[in-house]
Amino acid sequence: MSNPTSNFNWQMPTATDLVTDLPADFEVFGQAVDTSLADLKGGTTGQVLKKNTDADMDFVWAADSAGMTNPMTTTGDTIYSSSGSTPARLGIGSTGQVLTVAGGVPTWATPGGGTKNFTLLNTGGTALSGSTTVTVSGISNADVIFVYISGASSGTNAYNVSFRVNGLTTGIYNYQGPYISAGSGYSANNFGIRGGNSEVRCTIGEWSDNTGSTMSGWFRITGAATSGQKIIDFQTGATAAGGSGQDLVWGGGYIDTSAAITSISLIQDDGINFDAGTIRVFTSA
């Protein structure tokens with residue numbers, strides 16, 4: 001009887017064939033192998049295998065993506081995106097600093113809102129003389145405006161002194177404040193309340209009808225650069241020179257305007273020119 005296997009060419013793959021021609025040799029041996037496994041061959045040191053398409057068994061060898069390089073070097077450092085997608089290091093700030101933005105990137109800075117730094121806007125002050133209204137303009141981006149008045153007078157019968165902002169004469173000034181009106185020797189002989197709602201000016205003081213009387217004091221506006229209402233407070237007093245009307249006045253309120261304040265006007269309400277005194281305007285951002 002002849003050997004039934006004599007008509008078949010059985011050939012087992014060699015060890016080398018298993019490495020280099022595995023799919024073809026197995027097919028010769030009697031069982032086909034998916035040839036797409038050939039993608040697993042090749043590659044170089046350091047490469048990784050990744051999907052080439054969504055198709056089954058479709059792989060490709062590629063360089064290993066190392067990911068983001070960590071730029072941080074010191075405890076407390078942070079990372080931010082520079083130039084769109086490049087990681088950059090922001091070194092740790094110092095004690096008390098806060099994180100803010102400058103030039104479109106994060107940065108450490110000393111926080112605002114601390115002690116105010118005032119600047120005298122009208123160097124040397126502006127003289128109060130020759131007019132019933134004296135205006136100091138050029139105010140810009142001032143959160144607080146502090147106005148100091150010294151030695152204001154008119155040299156004749158004169159009483160109320162007021163201020164306006166931006167030359168506005170409408171009913172936007174809302175304030176209240178007590179005053180003491182005194183005669184010779186400044187012994188109080190009258191006590192009252194000055195001001196009201198929706199006034200056309202803010203009255204802050206009064207001096208005597210005696211030519212020797214002068215008025216000094218201050219008023220302050222807070223929130224002057226915002227679009228909201230502005231808070232005011234004031235205090236003035238007149239020298240005791242006899243006559244009537246010399247007052248000690250203090251109070252506060254608000255100015256109902258959304259416009260940023262750019263000018264301050266001091267007004268002698270009785271239509272008589274100032275003849276002495278100085279007004280100084282200090283601003284702080």
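Let me start with β9 and strand β18, residues 264-268: four bridges join them, and the two run antiparallel. Keep in mind that this is a predicted model.

As background, strands of a sheet pair through backbone hydrogen bonds, either parallel or antiparallel.

Now, where does this pair sit? β9 and β18 belong to an open sheet of four strands, in the order β9-β18-β11-β14, with antiparallel pairing. Which strands are at the edges? They are β9, residues 133-136, and β14, residues 202-206, and each of them pairs on one side only. Neighbouring strands in this sheet are turned by 20 degrees against each other on average, with direction ignored.

Next, β19. This strand covers residues 276-284, and strand β7, residues 119-120, is joined to it by two bridges, running antiparallel. Thr119 has Thr283 as its bridge partner in β19.

Strand β8, residues 126-127, also pairs with β19 in the antiparallel sense, over two bridges. There, Thr126 is partnered with Ile279 of β19.

Then comes strand β10, residues 144-153. How many bridges does β10 have to β19? Eight, again in the antiparallel sense. On the screen, look for Phe146, which stands opposite Phe282 in β19.

One general point for when you look at the side chains: in a regular strand they alternate between the two faces of the sheet.

β19 pairs with β10 over eight bridges. That is what I have.

Methods:
Residues are numbered from 1 along each chain as its sequence is written. This is a predicted model: local features need pLDDT of at least 70, side-chain atom pairs count only at pLDDT 80 or more; totals for chains, interfaces and linings use all residues. Side-chain values use heavy atoms; hydrogens and water are left out. Two strands pair if DSSP finds at least two bridges between them. Axes are lines fitted to C-alpha atoms, for helices over the stretch in contact, and angles run from 0 to 180 degrees between N-to-C directions.
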